[in-house]
Amino acid sequence: MLKKPFITKEALDAIIQQYPTPFHLYDEKGIRENARRVKEAFAWNPGFREYFAVKATPNPYIMQILHEEGCGMDCSSMTELMLTEACGITGHEIMFSSNATPAEEYQKAMDLGGIINLDDITHVEYLEKHCGIPETICCRYNPGGVFEMSNGIMDNPGDAKYGMTPAQVEEAFRRLKAKGAKHFGLHAFLASNTVTNEYYPMLALELFRFAVQLRNKLGVHIRFVNLSGGVGVAYRPEERPNDIMAIGEGVRKVYEEILVPAGMGDVAVYTEMGRFMLAPYGALITTAIHEKHTYKEYIGCDACAADLMRPAVYGSYHHITVMGKEDWVCDHRYDVTGSLCENCDKFAVDRILPRIEMGDILYIHDTGAHGHSMGYNYNGKLRHAEILLQEDGGAKMIRRSETPRDLFATLDFSEFYRNIRFDD
Ligand SMILES: *Cc1c(COP(=O)(O)O)cnc(C)c1O
């Protein structure tokens with residue numbers, strides 16, 4: 001599928017006049033339309049809720065937009081809970097799917113009235129000791145082994161640190177029930193960035209069957225099944241994007257096959273998607289500022305891995321459009337790099353692109369999730385701004401770029417760091 005920017009060159013040039021590159025740009029219209037499709041795809045399930053995985057794009061302006069579209073928030077740290085609180089989101093609109101969790105973070109999630117999702121059986125006693133046991137509680141399941149589908153192995157849960165074995169989930173439910181829990185949830189995240197409509201239905205089949213067993217064996221009330229994240233996006237042009245309507249329909253089929261006949265037609269389906277909610281609706285906008293011809297052809301950008309780590313960390317593919325050259329022949333082979341003293345700081349390796357000239361604007365696709373949020377300050381590089389392209393076409397800065405003052409805020413080495421006025 002042809003990958004096209006969500007903004008025209010003219011509109012982008014106008015934004016760059018106001019906000020210099022580099023920056024992450026988000027498409028409000030795309031975010032809202034996609035969130036509405038997700039809601040529609042699961043409208044057959046009256047209790048359905050998507051809890052946006054905050055870690056994907058922890059910006060309260062974005063979270064607010066998703067909340068307006070009916071999403072709750074999936075958090076796993078103190079500051080993610082604080083961001084959620086700042087958006088006025090509380091109670092069962094919060095899912096706390098954390099692991100190796102400090103007591104004060106459980107306490108914060110409980111204070112906000114969020115749903116706790118326990119990652120391990122030992123956390124039953126830990127939670128009871130520090131915070132008490134809430135009436136509604138969830139446990140994270142890990143079946144071990146590999147998660148296989150018709151098109152091969154999807155992922156390797158047996159190698160993942162998350163979740164409990166089936167026997168542990170059963171025992172955890174038993175203990176939680178004895179300690180006063182009344183409503184239970186079952187959660188699993190078994191494969192990441194799946195580009196197939198089969199993943200959620202297959203996961204749902206496994207979780208629904210397990211939910212029926214647990215109900216039958218323990219007499220517990222299963223309130224929800226949380227399919228978590230893992231629904232992928234088509235980063236590569238040759239990939240076919242997931243069809244959320246087909247995914248919702250696939251889950252409905254197994255729901256009616258397994259849960260309804262078991263008298264469990266009141267179970268709510270929850271999701272915790274991050275990538276699918278945001279990735280395609282964000283782009284990293286950067287300017288080509290250097291070219292270099294040695295053993296390879298290099299283009300040096302004003303953004304670097306501090307703004308987008310996925311290619312450096314996972315070798316991920318992010319499509320690149322040279323703005324204004326969409327129709328040019330792609331007859332050059334480039335490594336597109338950032339400025340870190342790290343050879344992995346390359347947005348693209350051996351990428352076939354049109355001839356790039358200095359000053360060209362590169363649109364790096366699908367950075368809306370796990371993009372800005374994964375950024376870091378290696379080499380003392382500062383992370384750049386986030387700009388929201390609003391539905392009316394206006395542009396609003398929703399996070400400014402970092403300044404040296406931000407980077408040095410944790411230092412108390414000398415008067416220099418306290419008193420020097422930085423150019424911010
Ligand atoms: C990261 C994460 C998600 C979101 O994953 P995506 O791949 O972005 O959909 C959901 N739930 C939990 C517990 C996570 O850690």
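In these legends, Ala, Val, Leu, Ile, Met, Phe, Trp, Tyr, Cys and Pro count as nonpolar, Asp, Glu, Lys and Arg as charged, and the others, Gly among them, as polar. The model shown is predicted.

**View 1. Lining of the largest pocket.** By the grouping above, the lining residues of the largest pocket comprise 16 nonpolar, 15 polar and 8 charged. At least two lining residues come from each of strand 3 (72–75), helix 10 (275–278) and helix 11 (310–314).

**View 2. Centre of the largest pocket.** The largest pocket holds about 890 Å³ of space. It is lined by 39 residues, and those closest to its centre are Lys55, Arg140, Tyr162, Phe189 and Ser192. The ligand takes up the space of this largest pocket.

**View 3. The shell around the ligand.** The ligand is surrounded by 14 residues, of which Lys55, Glu272, Gly274, Arg275 and His370 are the closest. In this shell, 3 residues are nonpolar, 6 are polar and 5 are charged.

View 4. His370 places a polar side-chain atom 2.8 Å from an oxygen atom of the ligand. At Gly230, a polar backbone atom is 3.1 Å from a ligand oxygen atom. Asp74 has a polar side-chain atom 3.2 Å from a nitrogen atom of the ligand. The ligand taken alone exposes 390 Å², and the protein buries 91% of that area.

How values were computed
Residues numbered from 1 in each chain as written. Predicted model: local features only at pLDDT ≥ 70, side-chain atom pairs only at ≥ 80, totals over all residues. Heavy atoms only, no water. Near = heavy atom within 4 Å. Polar contact = N/O pair within 3.5 Å; in protein donor to acceptor, adjacent residues only side chain to side chain. Areas by Shrake-Rupley, 256 points an atom, 1.4 Å probe, with all protein chains shown as cover. 1 Å grid on protein atoms, 1.4 Å probe; cavity = no way out; pocket = protein on both sides within 12 Å on 5 of 7 lines; lining within 4 Å. Sits in = over half its atoms within 2 Å of the grid points. Points joined across faces, edges and corners; volume = space filled by probe spheres on them. Helix = DSSP H or I, 4+ residues; strand = E, 2+ residues; numbered from the N terminus.
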